[in-house]
Amino acid sequence: LVREADWAGRGVAASSWGGPAMASLFTGLRPWQHQVLEVGQSEIAPELITLPEALAARGYTTAGYWTNHWYSEKQGYAQGFKIFESLGRGRRAAEKLEHLRDGRQFVWVHIPEPSAPYIRHGELIPRLGPGAPPILPPRIVPEQLQPFNDPARPLPPGRWRRIAAMYHLNAARADDRLGRLLAALRASGRWDRTLLVVTANHGEELGDNGRVLHGNDLARPVLEVPLVIKLPRGSVRRIAEPRERRVAVPRLWATLVEAAGGTAPPAMAPSLFRRMDGPILSELYLVNSSNLFSLLDGDDQLLWEARFAPPEPAYYRALQEAGRPNAARRLGESPADVFDRLATAFAAVGEPPGRRCGTGAGDGASPRGCLAPLPARRPHPRRGEAGMGARNGVIYCLAAPTGGLSWVHSSAVRASGS
C-alpha cells in the first residue's frame, strides 16, 4: 500500500487518549475546541459537524463500522452515517467495500488492533522472527499493565520484550484485517477511483519512558502514527506536504471535505492540499492533577505540564481498581470519588480575566496566545457557519467525485522506528 500511495509518512495525533484523538479526526477540531476532554466529557456535541455529516451534505452515502464503545452511537459517532454497525469480524464491512455502487460513497472502518488486549495469535508468531521470546502468554489485558503507568512503578526491564512481542502480534493481526479490506475494495473495481486514507488515532508505549499503553503522557510514541494516503488516479489535487514532514492527523477532515468539493471552515485544521508551517499541538487533560501539552516541530518537542490541583496520591491505584468488585474497601474510598475531586478542581479553573481563546488556524497548532484549560464547553463552529451552509475515523475511503471515499484506521499504532 505504501508503494502505491501518493503520500506516506508520519501523522501526529491530537491526543494520546482515544476520546479526544478520535473526536479530532471526526470534527477537524483540536481537543480544546471540540471539548471531548475526559471520561466524563466524552461525547461529540450534536452541534458539531462530523466528517460523515459534511460528506452527506455533498451527496455521499455514508457507512461506518465501529469496534469500541467510546466511538459508538452513544458517544455521538453515528452522526451523519446512513449505516452505522459494529465491525465484528469485518465481514459486513468487506462486503460493503466489495460491492460499492456507482456514485459518491464514504466508508469508515475502525480496526481495534493493535490496541490492548494483546492476544497471542499463534499463526502469526513466525512473523516475530528468531529473536522472539520463547514463551508468550495467551493474552495480556490492560488491567495487567495499568500498575506500571504509575511513575513510582516503572516497567521491569525484563518484561518489556514479552509485552512488545505481544503488541507486534496484534499489529500483524491488524495488518491482516486491513489486507482483507483492501482486497475487497480492489475486487469492487473502484480502486483507481477511490481516495483511501489509512491511519491511527494514537500510538502506544511499550516501556518507553517507563510507561505502557496510552493516555498517560504525550511522549512521541503515543503521538506519532502511520499515515498513508492514496489519491484517485488522475486527481488534479496533490498532497502539498513533503513526505519527510510530520503532519497533524486532524487535517484529514478538511482534506476529505475539500476532495469532495466542499469548503472547510477556518476553525478546522487546514487540509493537506496546502502546505502549512509551524508546530503541531497535542493535548491531554486530567492526568492526575495536570493538563499536558505538546508542541512538535520536526525533531523538536516542547512538553508543558499545567497543574490545576495538588496530585491525588491514590490516582494510579484508583485507575487500577476502577470497575473491580470491592474497590472502595481496598482503596479506602470509591475510585469515582478520586476522579470526581479532580474533575471538580478542573472545572473550577477559569480563563484569566480579560482573556478569551480564539479559533487560531495553523497545522493543528495552539489557539492564538491561549493554552488555558477550558473546563466548560465553548461555542463551536455551528451548522451553516463559515461556508458549511453553502453546500460543502481509521480507514477513510473517499472515491473520486463520481466515486467514493474510504477511511480505515486502527487504534494504538506506533510509527515505525518510534
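Start by selecting helix α1, residues 18–27, in this predicted model. The helix is mostly covered, with 10 of its 10 residues buried (under 20% relative accessible area, 1.4 Å probe, protein chains only). Helices here are DSSP runs of H or I with at least four residues, strands are E runs of at least two, and both are numbered from the N terminus. Among the buried residues of α1 are M22, L25 and F26. Step just past α1 to G28, which has a positive phi of about 75°.

Next, select Y77. Beyond its neighbours within four places in sequence, Y77 contacts G19, M22, A23, F26, I44, W70, Y71, S72 and F84 (contact being heavy atoms within 4.5 Å).

Now widen the view to the largest nonpolar core, which has 44 residues; such a core is a set of buried Ala, Val, Leu, Ile, Met, Phe, Trp, Tyr and Cys residues joined through side-chain atoms within 4.5 Å. Y77, F106, W108, L227, I229, L252 and W253 touch the most other members. Elements supplying at least two residues each include α1, β4 and α8, and α8 gives the most, with 6.

For the last stop, show α4 (91–98) and α6 (160–187), whose axes lie 7 Å apart at about 25°. Axes are lines fitted to C-alpha atoms over the stretch in contact, with angles from 0 to 180 degrees between N-to-C directions. The two helices are therefore roughly parallel (angles under 35 degrees). Here A93, A94, L97 and E98 meet L181, A184, L185 and A187.

Residues are numbered from 1 along each chain as its sequence is written. Local features need pLDDT of at least 70 and side-chain atom pairs 80 or more, while totals for chains, interfaces and linings use all residues, and side-chain values use heavy atoms, leaving out hydrogens and water.

Terms used. Angles under 35 degrees count as roughly parallel, over 145 as roughly antiparallel, 65 to 115 as roughly perpendicular and the rest as oblique. Buried means under 20% relative accessible area, exposed over 50%, partly exposed in between (1.4 Å probe, protein chains only).
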